[in-house]
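Thank you all for making time this morning. I would like to walk through one structure with you, slowly, and I will begin with a question once it is on the screen.

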Number of protein chains: 2
Amino acid sequence: MGKIFSDISISLDGFVAGPNPTLKEPLGQGGEQLHEWILRLETWKKAHGKSGGETGPENNLFQTTIDRTGAVIMGRKMFNGGSGPWEDDPNADGWWGDNPPFHAPVFVLTSHSRKKVVKEGGTTFTFVTDGIQSALSQAKVAAGNKDVSIPGGANAIQQFIKTSLLDELEIHVVPILLGGGTRLLDNTGTAKLEKVKVLDYPLVTHLKFHIKR
Amino acid sequence: MGKIFSDISISLDGFVAGPNPTLKEPLGQGGEQLHEWILRLETWKKAHGKSGGETGPENNLFQTTIDRTGAVIMGRKMFNGGSGPWEDDPNADGWWGDNPPFHAPVFVLTSHSRKKVVKEGGTTFTFVTDGIQSALSQAKVAAGNKDVSIPGGANAIQQFIKTSLLDELEIHVVPILLGGGTRLLDNTGTAKLEKVKVLDYPLVTHLKFHIKR
């Protein structure tokens, strides 16, 4: 059976986005620094329709994450930074345009119902209004033998940890202090984790954990 | 000139103590787990007047920290968990009895003045009521060519980071989620860090950073 995992970049002080996110600066002040390590990789560029980029162990790490992903569950904040009714949302189409980088079925957690959106490149957005258990059931079916990725936002990941639904957590620790913003790990409840691997590279330290039930 | 450093154990979710600390359980619920890795080391046992314990690379790591320390600055919370006037404090003597494990001059940040306390084994407690800059000046003189350690609490460390006084931060990440408690890194302001080293062992991952000014 497929696993449920999150794979996300954080600052040393634990933030996945800096303070004061806006539509123009969705990762908040300083938040772009969290993803500098990944933007340079060949696999990231390919998923975003670009060519070139670095190969090597960090690229392989990211390629493994892409290969294992059969379906994605994300929060509304990650989808487009919004909340409230879709018809009032200036970013209702999401951040990624016609060909989003997921290339898989995506289930978006929201309080506001909406018809499924089919994009190019294999990405579909299904809007789930009846909670994370329902989203997970649908994502598992869509993923088949592959794994279900919960890439964010922080609140969605926290819900999956708190309800003991998350199997694996992989964090990429960037050596900066953002001083504030959106915290990844807060109100998760207690858990013991089993370290699966630690890989240290100049821009980032990768830590992967299995969450014990 | 000596360096100013902090060396502290945290949970993966960033807490140096669990929720609801008390005089009987000063590290809060679950907080004792943060120090299991260190309690087994020969150097820790020796500093606490005990014999035996493990040697090896983690013991060497801790021995290096002890060897470089010429003086210590700590918050009142770390000294005894209290606040308010000393005469009303049931733990006014501190946590450590007649022979505390510091074996160096300790400067305690407090709003309430009090005479210097001389303990056995080279530990003295000087109570500083005029802020961290004053404590640092006194600690630097006391340390001579050695370094000044800021072991905690979280609030004291945050003040030293925020005012750009901390040179080095070494954290020992324990693979547990405490779900709440006292956070190490919050409201520190922004900073870029330079990774000095990362050492991974089964109970803990050690990450050492130089804080760029």
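Is B:N187 buried, exposed or partly exposed? B:N187 is partly exposed, with a relative accessible area of 46%, where buried means under 20% relative accessible area, exposed means over 50%, and partly exposed is what lies in between, using a 1.4 Å probe and protein chains only.

Before going further, a word on what we are looking at. This is a predicted model, in which local features need pLDDT of at least 70 and side-chain atom pairs count only at pLDDT 80 or more, while totals for chains, interfaces and linings use all residues. Residues are numbered from 1 along each chain as its sequence is written, chains are lettered from A and ligands numbered from 1 in the order in which they are written, and side-chain values use heavy atoms, with hydrogens and water left out. As for confidence, chain A has a mean pLDDT of 96, and 100% of its residues reach 70 or more; pLDDT is the predictor's confidence in each residue, from 0 to 100. The model as a whole scores ipTM 0.94 and pTM 0.95.

Let me return to the loop we started with. B:N187 lies between β10 (182-183) and β11 (191-201) of chain B, where helices (H or I, at least four residues) and strands (E, at least two) are DSSP runs numbered from the N terminus. Its phi is near 55°, a positive value in a residue other than glycine. Most residues other than glycine have a negative phi, and most peptide bonds are trans. B:T188 is placed in that loop between β10 and β11 of chain B too, but at 3% relative accessibility B:T188 counts as buried. What is B:T188 in contact with, leaving aside its neighbours within four places in sequence? The list holds A:D13, A:L177 and A:G179 from chain A, together with B:Q158, B:I161 and B:K162 from chain B, contact meaning heavy atoms within 4.5 Å.

A:H103 is found in the loop between α4 and β4 (105-109) of chain A, and it is partly exposed, with a relative accessible area of 35%.

There are also cis peptide bonds to point out. One joins A:G152 and A:G153, with omega about -5°, and A:G153 is in the loop between β7 (147-152) and α6 (154-162) of chain A. In chain B, a cis peptide bond joins B:G152 and B:G153, also with omega about -5°, and B:G153 is found in the loop between β7 and α6 (154-162) of that chain.

Now to the aromatic rings. The structure holds 16 aromatic pairs over all chains; rings of Phe, Tyr and Trp (its six-membered ring) pair if their centres lie within 6.5 Å, and planes under 30 degrees apart count as stacked, over 60 as edge-to-face and the rest as tilted. The rings of A:F79 and A:F125 have centres 4.9 Å apart and planes at 70°, so this pair is edge-to-face. The pair links distant parts of the chain, with A:F79 in helix α4 (residues 76-80) and A:F125 in strand β6 (residues 124-128) of chain A, 46 residues apart. A:F79 also forms an edge-to-face pair with A:F127, at 5.5 Å centre to centre and 80° between the planes. Both A:F79 and A:F127 are buried. One aromatic cluster is formed by A:F79, A:W86, A:W96, A:F102, A:F125 and A:F127. Over the ring of A:W86 sits the charged end of A:R76, 3.7 Å from the ring centre, the criterion being that NZ of Lys or CZ of Arg is within 6 Å of the ring centre and within 35 degrees of the ring normal.

Finally, the sheet and the core. Ten strands form an open sheet of mixed pairing, and its edge strands, each pairing on one side only, are β9 (176-177) of chain A and β5 (117-118) of chain B; two strands pair if DSSP finds at least two bridges between them. The largest nonpolar core has 72 residues, and those with the most contacts inside it are A:I73, A:I171, B:I73, B:F160 and B:I171. Such a core is a set of buried Ala, Val, Leu, Ile, Met, Phe, Trp, Tyr and Cys residues joined through side-chain atoms within 4.5 Å.
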